[in-house]
Amino acid sequence: MVMKGAKTVLLVEDDEDIASLVVLLLDELGYNVERAANGREALATLERGLPHLILLDMKMPVMNGWAFAAEFRARHQRGAPVVVFSAADDAAKRAEEIDADGWIGKPFEFEDFRSLIRRWLEPRE
Amino acid sequence: MVDEKSPSRSTFTIRIVAIAFAVDLLFTLLVPVVYVRMLGIAGPTDVQLVVALLLPLDLAKVILLVVVLPWMLRPIERWHRAGPGGDPDGALLRRAGQTVYRTPLAFGAVFASAWGLSYLVLTVLLRYPIPDLIPLAPRGMPAGALFAMACFTAALPLGYAMFAWLLAPTAGELSLVARARAIALPGREPSLRARLVLFGICLTLAPASWMASMAYMAEVPTTTILLSGLVVLIWGPICAAFIAAAVGGPVARIAAAVRDIGAHGRIDRSVARVPIFQQDDIGRLASGVNDMLDRLDESTQRVQGHLVEQERLAEVARRRAGELHAVLDHMVEGVMVCDAAGQLLLINRSGAEGLGLSSTDAVRHMWLDLPKLLRFRAPDGQVIPESRLPLPRALAGETVVGQEVTYYHPRSDRDRRIRASAAPIRDEAGAIVGVVQVAHDVTELAALDRLKDQFIRVAAHELKTPVTIVKGYAQLLLGTTVGLSSSQRTTLEAIGRGADRLDALVRDLLDVSQLYLGRWKLGADEIDLAALAAAAVERLSPSLRRHRIRIVRADRAIVVGDRRRLEQVQTHLLENALKFSPDGGEVEIEVAARDGEVFVSVVDGGVGIARDKQPRIFEPFYRAHTDTAHDHGGMGVGLYICKEIIEHHGGTFWFTSEEGQGSVFSYSLPLKGAAG
């Protein structure tokens, strides 16, 4: 499914079902998706190259969003925009906590999701 | 009983008569000898004649003593015989009193008269009826008269004083009984002065006339003079002794009584009253002393009564205080009372325990260091300055209700939370004289609240993931355009709506939980409420079938607030209006800006709210339409959240409603830049 030239999104999400759903949506939008089930996997993935966007769930086993964000900043600074992908009431607060670039709440409307993703990956000049 | 006592009682009379008779006998034997020798009667026949004449006269005197005296003393005997219970109205006592006080002078006079008259009659008899029998000396007549006078004046003080002395014990007894029974005894005797004058005259006159009669008769033999002197010598001391006893005795008793009072140092019933022996000045003095004793006794009793009453009141007060302490100590709440200077006056057991100290004294000892030791904080962790603690606030005149204070509890080495109320105690003039504080330990409640909040947050968060999945995949399937029948589509739409509702419920639950904890953080966006209303209408309108939403007025109204929250209010009000207008119709929105405020109203013509349910409409989890045809489900927290949102923005939220006519829900918010 990896398309050459297409932008890459790193999805860090421990829930299989949600991850599959998001992958389908991003596929539909024409982006490459790399998946990681927790922060540690995500960090390993990042060693192979930085994506254009990181969609980050917060509560995960092994290494959670907070720990990942701290490690990411330490290694790559602002190498890629980080968007918190979390339960609606928390999302904004979590984003603030880890100094993320944006947030998408769960559950979400497809329309909102698509426009937000596009806004991050295709900023108008 | 009367018979039993009568022998002992009559000894009283017998005793008096016997003593009087004995004294009298002494002189009855001596005086005739002097008389005969003074007149120079020497012949045996003549002496026999005089003796024969004297015998009936003496006999009369004896009758006087043995018959008349007991007869006069009868009322006393009668009173004696009657005993304590035999004289209910005090008549016997009064008569006995009269007797006891009158007899001495009366019988003394009779007794003296008997003596005087005996010798006067004897002299007259010797001189006139039988003149030739005895050649009475020429001066015999005057001498005899002088002799009779001497006898009278000698017998008068002797008899008077003797009977006064003899009757004194009885008089005293009677007076005390009468006093105890509050009966005034009759009889008033000559004053002491009059008596002393009488005694003085008699005591002078008797020996004078006695010796004068001797001197008047010429050639009285020396032996006769000596004999007569002997009689005077006997009479004098006896008479003086009786007078001394009759006059001095009562005075001595009074003196003793007064000395007793001094010695006792207090007056009560144990101090005996002074008997009244004679109703003269001394008697009145005794009576006065008795009255004084009575008054003193009364006032002593009054004082003692006061002391007893005072002791009783003190006991009552002590008991009350004990009860109060018992109640306070068994209270769950901590109670403390301070004076106006902020010094601790009282703290109950719960209070001391709550501060982690073992006793009131310990608290008092640590009082000034408590703020430093316990580090009083507000529930949000901010240190409370001392002046903002409940007690100082109340001292400043404030009434503090339910201030929550967290502090370090040294004994358990943990934080505790109390809900404290404090109020100033004022005196009648309204000045603050102290403060009372009641503190309720809410540590466990706070912990429970935290637990509940934690539970809700975790549960809500965990619910969101499945909701996201359900909603997402339903949307995904709906997005695939091919191969879906219309019934499948309807099913997927229903699944999506269900997920949305679940999401809304979870959000409401989180909102309520956060509201309870006071943890709302509001954004500060600039929002045009007219635009916000229009957007809400636009969002809802496409799905409406039987309803129409109309914006009747839309003033430009910029407020500063949390966009999402204000949208939530607007949406909820519109949804409610639609929900409770089941027959369709129009819902109107008005956004009116005036006087620095914006007023937003949502008007529907629906079912309205019954009057009795209106007061509870803003209570969380209250649902006015539960179990009615209009029960549309939900948790009953929507209006509560709306009201809280508006109030957190500094606004006001209210409604008017009429059952069957519809409702108007309104809120006002301050416009941006408006003062206040």
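**Notebook: chains A and B**

I began with the contact between the chains and counted four residue pairs in polar contact between chain B and chain A, both residues of a pair being at pLDDT 80 or more. Helices H13 (443-479) and H14 (486-517) of chain B each give at least two residues to the side that touches chain A. H13(B) supplies the largest share of that side, eleven residues. I sorted the residues on that side of chain B into five nonpolar, five polar and seven charged. I note that the model is a predicted one.

I then looked at the whole interface. Chain B puts in 17 residues and chain A 18 residues. The two chains bury about 1,600 Å² between them, with 64% of it on carbon and sulfur atoms. I found one salt bridge across this interface. Lys471(B) pairs with Glu109(A) in a salt bridge, and their closest N and O atoms are 2.6 Å apart.

Next I turned to the inside of chain B. The largest nonpolar core has 82 residues, and Val31(B), Tyr119(B), Leu122(B), Leu126(B), Phe147(B) and Phe163(B) touch the most other members. H5(B) gives this core its largest share, 19 residues. Beyond its neighbours within four places in sequence, Val31(B) is in contact with residues including Trp115(B), Cys151(B) and Val231(B).

Last, I checked one residue: is Ser228(B) buried or exposed? I count Ser228(B) as buried because its relative accessible area is 0%, and the cut-off is under 20%. Ser228(B) sits in helix H7 of chain B. Its side chain reaches the backbone oxygen of Ile225(B) at 2.9 Å. Leaving out residues up to four places away in sequence, Ser228(B) touches Val34(B), Trp210(B), Met211(B) and Met214(B).

Terms used
Residues numbered from 1 in each chain as written. Chains lettered and ligands numbered in written order. Predicted model: local features only at pLDDT ≥ 70, side-chain atom pairs only at ≥ 80, totals over all residues. Heavy atoms only, no water. Core = buried A, V, L, I, M, F, W, Y, C linked by side-chain atoms within 4.5 Å. Buried < 20%, exposed > 50% of the residue type's maximum accessible area, 1.4 Å probe, protein only. Helix = DSSP H or I, 4+ residues; strand = E, 2+ residues; numbered from the N terminus. Contact = heavy atoms within 4.5 Å. Polar contact = N/O pair within 3.5 Å; in protein donor to acceptor, adjacent residues only side chain to side chain. Buried area = accessible area lost by both parts, 1.4 Å probe. Salt bridge = Lys/Arg side-chain N within 4 Å of Asp/Glu carboxyl O. Nonpolar A, V, L, I, M, F, W, Y, C, P; charged D, E, K, R; others polar.
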